[in-house]
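Dear colleague,

I am passing on the structure we spoke about, together with my reading of it. Please look through the file before you go on to the notes below.

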Amino acid sequence: MNAVFGKTGTCTAPAVWLVEGYTFRDGALESLDRTVYACQAHVSVAEVGWLRGLAPHTRSARGLHWCGTFTDYEPDAG
Ligand SMILES: [Zn+2]
């Protein structure tokens with residue numbers, strides 16, 4: 001499992017939410033593909049736009065993170 005880190009948006013506020021993006025197949029949870037941190041003002045933007053269509057599951061962020069910081073999880077090639 002490789003992870004790619006990055007930053008989306010221009011917000012520099014501390015994040016209070018961790019939005020997880022899941023892929024479902026045939027109604028069953030298949031994988032956690034992306035997570036993105038969001039401040040209160042951007043949590044809805046994160047759930048709709050920053051997840052690129054993945055199903056959101058939002059939980060309280062733990063520790064100090066910045067709004068728009070995301071992690072993409074990619075399955076190992078081969
Ligand atoms: Zn924000």
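Predicted model: local features only at pLDDT ≥ 70, side-chain atom pairs only at ≥ 80, totals over all residues.

Residues are numbered from 1 along each chain as its sequence is written.

The protein chain has 1 helix and 5 strands, arranged along the sequence as β-β-β-α-β-β; helices (H or I, at least four residues) and strands (E, at least two) are DSSP runs, numbered from the N terminus. The radius of gyration of the protein chain is 12 Å, which agrees with the value near 12 Å for a compact globule of 78 residues, where the radius is taken over C-alpha atoms and the globule rule is 2.2 Å times the number of residues to the power 0.38. Buried residues account for 27% of the 78 residues, a residue being buried if 20 or more other C-beta atoms lie within 10 Å of its own, exposed if 12 or fewer, and partly exposed in between, with C-beta atoms placed from the backbone.

Turning to the pairing of strands, which requires that DSSP finds at least two bridges between them, β2 and β3 run antiparallel and are joined by 9 bridges, with Tyr22 opposite Leu32 in β3. These two strands form a hairpin with 2 residues between them, and Asp26 in the turn has a positive phi of about 55°. β2 is also joined by 6 bridges to β4 (residues 55-60), again in an antiparallel manner.

The largest nonpolar core has 15 residues, and those with the most contacts inside it include Trp17, Val19 and Ala46; β2 (17-25), β3 (28-38) and α1 (43-50) are the elements that give two or more residues to this core. Such a core is a set of buried Ala, Val, Leu, Ile, Met, Phe, Trp, Tyr and Cys residues joined through C-beta atoms within 7 Å. Val19 has Thr58 in β4 as its bridge partner, and, leaving aside neighbours within four places in sequence, its contacts (C-beta atoms, placed from the backbone, within 7 Å) include Val36, Ala46 and Leu51.

Phe24, in strand β2, counts as exposed because it has 11 C-beta neighbours inside 10 Å. Beyond its neighbours within four places in sequence, Phe24 is in contact with Leu29, Glu30 and Ala55.

With best regards

How values were computed
Contact = placed C-beta atoms within 7 Å.
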